[in-house]
Amino acid sequence: MMSTPSATTENAAESLVSPVNSHNEWDPLEEVIVGRLEGATIPSNHPVVACNIPPWAARLQGLAAGCKYPRMLIESAQHELDQFIALLQSLGVTVTRPDAVDHSRRFSTPDWSSRGFGNACPRDSMLVIGDEIIETPMAWPCRYFETHSYRKILKDYFRRGARWTAAPKPQLTDALFEKDFRIPEPDEPMRYILTEFEPVFDAADFVRAGRDLFAMRSNVTNRMGIDWLRRHLGSGYRIHEIESRCRTPMHIDTSFLLLSPGRVLVNPEYIDIDRLPDVLSSWDILIAPEPNSIDERLLKITSMCGKWLSMNILMIDNKRVIAERHHVNMLRALEKWGFEPIPCDLLHYAPFGGSFHCATLDIRRRGTLESYFH
């Protein structure tokens, strides 16, 4: 009997082996997407952007919003990025890059218009769960079309067998943002700029440990966004929420980072270890050391990430880890804990949104889906 076209197509799809396979933060890394700096544009002057930086920095950023980043900032960061990519390749990791895009071009929806930002941080706009890549519904209007620069890569992965999903595209109208929002004082109850008008989240507010994910509510991720992902993944996964004491929370990977089975790195300024989820009770809680100071005045002015970017490290496997050469305290702590730190420079990447963890997206790690909590 001859196969029908639909049956033939279905059989071909079943025979594909997905190039995407990543279940946690520590299995041996085989392929990664690394961001680009070309076309990077200072983010638009919107309350959801300004609320995460000091008022003086917000005023400065507002004056330059929509302009391309200065060449002097890009050149320093590009030199370090090239060295980082070369290091990954020397470790046997396949590196994939998005298309270069002019992010200063204006775009619009029926409700608003904006210029773009950049594609320096693929960790924010896409979440990998097993063989699936999920495009996230980000809250910054200037990042609305950011994944378009990755479309060539996404289509290639899909044709080769990966699952490709996009969360509901948000409207990003004024109803999503608290009117007259201000950063809460340390003695005040926590508040966020986001309402629960619609689901929004950045992938960088999640870290993965097989069937368990840890999420942080922030000024770019609301409860509705966490709930959307929980329902999308279904009963095979659990999502645990991490409480942050940071007054301007944005992205979990400078607060809480899974390093290997049974070991998690936490920021003592932002995380109360006595309020961590009960599933972590048998895990070793590693307290991040005080970050080394940064002397460069320009970096202090232009970085949107804060001093705890020292935690933004990338596990190559459950022993080897790439960390910033400048942050000697972190390198020494990792060594003391039994890891093998690989020093690398990426300090000047901070003005574009992050460091090693932010600048990458794990596409394939050699491992299978497991449960690490019982």
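How many salt bridges does a search of the whole structure find? The search finds 26 of them, where a salt bridge is a side-chain nitrogen of Lys or Arg within 4 Å of a carboxyl oxygen of Asp or Glu. Side chains of opposite charge can pair when their charged atoms come close.

Before selecting anything, note that this is a predicted model, in which local features need pLDDT of at least 70, side-chain atom pairs count only at pLDDT 80 or more, and totals for chains, interfaces and linings use all residues. Residues are numbered from 1 along each chain as its sequence is written, and side-chain values use heavy atoms, with hydrogens and water left out.

**First stop: Arg-208**

Select Arg-208 and Glu-25, which form a salt bridge whose closest N and O atoms are 3.1 Å apart. This pair links distant parts of the chain, since Arg-208 belongs to strand S8 and Glu-25 to the loop between helix H1 (5-15) and strand S1 (29-34), 183 residues apart; helices (H or I, at least four residues) and strands (E, at least two) are DSSP runs, numbered from the N terminus. Arg-208 is buried with a relative accessible area of 4%, and Glu-25 also counts as buried at 4%, where buried means under 20% relative accessible area, exposed over 50% and partly exposed in between, for a 1.4 Å probe and protein chains only.

Asp-362 is buried, with a relative accessible area of 1%. Salt bridges that share partners join Glu-25, Arg-123, Arg-208, Asp-362 and Arg-365 into one network.

**Second stop: the strands around S9**

From Arg-208, move to Leu-213 in S9, which stands opposite Arg-208. S8 and S9 run antiparallel and are joined by four bridges, two strands being paired if DSSP finds at least two bridges between them. They form a hairpin with two residues between them, and Gly-210 in the turn has a positive phi of about 65°.

In a regular strand the side chains alternate between the two faces of the sheet. In S9 (residues 212-215), Asp-212 and Phe-214 point one way while Leu-213 and Ala-215 point the other way, and all are buried. Select Phe-214 next, and look for His-240, its bridge partner in S10; four bridges join S9 to S10 (residues 238-241), and these strands run parallel.

Which values of phi do most residues other than glycine have, positive or negative? Most have a negative phi. Leu-172, however, has a positive phi near 55°, and Asp-180 has a positive phi of about 60° although it is not a glycine. Leu-172 lies in the loop between strand S7 (163-166) and strand S8 (206-209), and Asp-180 lies in the loop between S7 and S8 as well. Leu-172 counts as buried at 3% relative accessibility, whereas Asp-180 is exposed, with a relative accessible area of 69%.

**Last stop: Asp-99 and Lys-152**

Finally, select Asp-99 and Lys-152, which form a salt bridge with their closest N and O atoms 3.7 Å apart. Asp-99 counts as partly exposed at 30% relative accessibility, and Lys-152 counts as exposed at 57%.
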